[in-house]
Amino acid sequence: MKKLLGYILSPFVIAAFFLLLVIFHPIQWMCYNWGGYKAHKRSVDILNFFLFHTAYIMGSSVTFTNKYDLPLDRPMIFLANHQSIFDIPPLIYYLRKYHAKFISKLELTKGVPSISYNLKVGGGANIDRKDPRQSITELVNFANRMKNNTWSAVIFPEGTRSKDGKVKPFQSAGVATLLKKCPNALLVPIAIKDSWKMSRYPLNPFTRMRWTVLEPIEPGKTPADELVKEVEDRIRAVVE
């Protein structure tokens, strides 16, 4: 019965999600070109509020828990496990006051309404995984923007999405590059649980998806690979 309901409701969720992307694409363009960064960011925040609420069509829920008083006067690096496309809208919306920018694959900057445009002009880093030199340069430039604007970064250190919810080994290269240019950035783990159930077809109704901010880590002089491993262990303890 639950699977049948998934087949019935999934097309409505997917249609609503895609329609929002199409509607907000010109809205983003107008906000950016007529109102600049602040107006554009506001449009992106509103878009992502509506995007993650499409899950409620399935009877599913999004719970974002943050018990920590995170600083507004220094950059942060949010590190999260990655399970589905549904991971991203709650992160953008609930981390909006920290100006959290994503490190994304370069290919995503083309062909996807709203998402591609935001990646191009939003101030994050778009890396070509086949070109190490471009990736390093892009990350260094992004780290400088973080430092100069007190922005934050969102990284999925697994590299690719986990299709079964199990946490894959974290990679530390991106974090190491950011910390070299932005050594005072606070590391903040975020554990994402059960969003993978909303990425398969049919979508799984009545899924309780949870985003939990874990205790921040001061980088100090600890090597990046050790810091990232500590983040991975903390996230794994919550998710698995």
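A: A residue counts as buried under 20% relative accessible area, as exposed over 50%, and as partly exposed in between. With that in hand, note that this is a predicted model.

Start with helix H4. Helix H4 covers residues 132-149, which is 18 residues. At 1.5 Å a residue, these should span 26 Å.

Now look around the helix. Ser135, Leu139, Phe142, Ala143 and Met146 of H4 are buried.

What lies over the buried residues? The cover includes four strands: E2 (76-80), E3 (100-105), E4 (125-127) and E5 (152-155). Helix H5 (173-181) is also part of that cover.

Follow the chain out of the helix. Just after H4 comes Thr150, with a positive phi of about 55°.

Positive phi turns up at His99 too. Its phi is near 55°, in a residue other than glycine. His99 lies in the loop between helix H2 (88-94) and E3, and E3 is one of the strands that cover the buried residues of H4. His99 has 26% relative accessibility, so His99 counts as partly exposed.

Asp194 is another case. Phi of Asp194 is near 75°, again positive and again not in a glycine. Asp194 sits in the loop between E6 and E7. Its relative accessibility is 15%, so Asp194 counts as buried.

Pro202 is in the loop between strand E6 (186-193) and strand E7 (208-213) as well. The peptide bond from Tyr201 to Pro202 is cis, with omega near 0°.

Next, a histidine in a helix. His40 belongs to helix H1 (residues 2-53). At 3% relative accessibility, His40 is buried. Beyond its neighbours within four places in sequence, His40 is in contact with residues that include Gln28, Cys31 and Tyr32. Tyr117, Asn118, Val121 and Gly122 are also among its contacts.

Conventions: Residues are numbered from 1 along each chain as its sequence is written. This is a predicted model: local features need pLDDT of at least 70, side-chain atom pairs count only at pLDDT 80 or more; totals for chains, interfaces and linings use all residues. Side-chain values use heavy atoms; hydrogens and water are left out. Helices (H or I, at least four residues) and strands (E, at least two) are DSSP runs, numbered from the N terminus. The expected span of a helix is 1.5 Å times one less than its number of residues. Buried means under 20% relative accessible area, exposed over 50%, partly exposed in between (1.4 Å probe, protein chains only). Contact means heavy atoms within 4.5 Å.
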